[in-house]
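These are my notebook entries on a single structure. I record what I looked up, entry by entry, with the cut-offs used.

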Amino acid sequence: MSVTELPGAMLAPAKLNLCLYVGPKRDDGLHEIRSLFEPLELADELKLTEAPEDEVVIEGIEGPDLTAKALAALRGHGWDGPPLRIEVTKRVPVAAGLGGGSADAAAVLRLARGRVEGLRAIAAGIGADVPSQLQPRACLVAGAGEVIEPVPPPGEHGIVLIPQAEGLATAEVYAEADRLGTPRGESELEAIRRRLRDAVDEGKSPIAYREHLVNDLQPAAISLRPEIEDALAALAETGAAHAMVTGSGPTAFGLYPTADEALAAAKGLRERFPEAMATAPLVS
């Protein structure tokens, strides 16, 4: 890829876990999961410019991160694009269960699409959520996040996110979930996968199958951050059809029938939760 072929800027959409079912820990230390992901309009922006050497700059984040790791991985696999300065403007809250860091890494890996083989394997080596975000789209996820099955885009709905002031480390939440116990077995996870696939086949709004929208990490996230319950209750009070924690938290989200209803709800919530924001599924 030459300098003239480089995009000036790239978007890295957040992802929402519409559900997250957790199984036992694998030999590699990761957990088996079954989940439905959808990309969001909420996105980080990556600005790319030619530089004397590779450099990643993320305001407010010091030290190596997944974006720099992705760029280094491409170099290690022979990508010969020009040296880059990548400036990441963060709009997705950090350590919020929204996959912002993974999205940034996946955006970098997309630079080498068609030029470097095995991008999905490279992505899996960077982080469990990175493979699903190489091509942001609604998907059913299995394994530890590396097994991806595209599904029909969901029908109309709006989303309100309530991040917390301080993030949660994914490993910490999984450790708390292990302490609390009751992981699901392999046969149960496979049955759940089939039910989820049936539920999403017609492309309905997730509100239509909210009985499947379960997050097994929610009790662990609330155990570590009891204030999450206040956010969940507030979302229900504003008329959310369904409210839960996304991913490993601590962000709470509510689903609303339309984007306009989500906007109105977010506006009403900001007196109590200044960081409340409305977004919608990304339509590719």
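**Entry 1: the largest pocket**

I note at once that the model is predicted: local features need pLDDT of at least 70 and side-chain atom pairs pLDDT 80 or more, while totals for chains, interfaces and linings use all residues. Residues are numbered from 1 along each chain as its sequence is written, and side-chain values use heavy atoms, with hydrogens and water left out.

The volume of the largest pocket is about 910 Å³. A pocket here is an open set of points, on a 1 Å grid over the protein atoms alone, where a 1.4 Å probe fits and protein lies on both sides within 12 Å along at least five of seven lines; a lining residue has an atom within 4 Å of a point. The grid points are joined across faces, edges and corners, and the volume is the space filled by probe spheres set on them.

I counted 40 lining residues for the largest pocket, of which Ser102, Asp129, Thr170, Ala171 and Ser248 are closest to its centre. Two or more lining residues come from each of strand E1 (9-25), strand E2 (31-50), helix H2 (100-110) and helix H4 (170-180). H4 gives the largest share, 5 residues. Helices (H or I, at least four residues) and strands (E, at least two) are DSSP runs, numbered from the N terminus.

**Entry 2: the second largest pocket**

I then turned to the second largest pocket, which holds about 210 Å³ of space. It is lined by 16 residues, and those closest to its centre are Ala177, Gly181, Thr182, Pro183 and Asp216. At least two lining residues each come from E1, H4 and helix H6 (218-224), and E1 has the largest share with 4 residues. By class I found 8 nonpolar, 4 polar and 4 charged residues.

**Entry 3: backbone exceptions**

Which residues other than glycine did I find with a positive phi? Ala95 has a phi of about 50 degrees, and Thr182 has one near 65 degrees.

Ala95 is in the loop between strand E4 (84-89) and H2. With a relative accessible area of 40%, Ala95 is partly exposed. The classes are buried under 20%, exposed over 50% and partly exposed in between (1.4 Å probe, protein chains only). Thr182, in the loop between H4 and helix H5 (186-200), is exposed at 72% relative accessibility.

I also noted a cis peptide bond between Gly249 and Pro250, with omega about 5 degrees. Pro250 lies in the loop between strand E8 (242-245) and strand E9 (252-256).

**Entry 4: helix H8**

Which residues of helix H8 (residues 259-269) are buried? I listed Ala262, Ala265, Ala266 and Leu269. Viewed down the axis of H8, these buried residues fall within an arc of 100 degrees, so they line one face of the helix. The arc is taken from the directions from the helix axis to the C-beta atoms. On the face turned away from the buried side I found the exposed residues Asp260, Ala264, Lys267 and Gly268.

Ala262 has a relative accessible area of 0%.

**Entry 5: other buried positions**

Cys139 lies in strand E5 (residues 139-142) and is buried at 1% relative accessible area. Cys139 and Pro153 are 14 residues apart in sequence, with 8.5 Å from C-alpha to C-alpha.

Thr67, in helix H1 (residues 66-76), is buried at 0%. Between the C-alpha atoms of Thr67 and Leu46, 21 residues apart along the chain, I read 9.8 Å.

**Entry 6: rings and charge**

The charged end of Lys15 sits over the ring of Phe37, 4.6 Å from its centre. The rule asks for NZ of Lys or CZ of Arg within 6 Å of the ring centre and within 35 degrees of the ring normal.

Notes:
Ala, Val, Leu, Ile, Met, Phe, Trp, Tyr, Cys and Pro count as nonpolar, Asp, Glu, Lys and Arg as charged, and the others, Gly among them, as polar.
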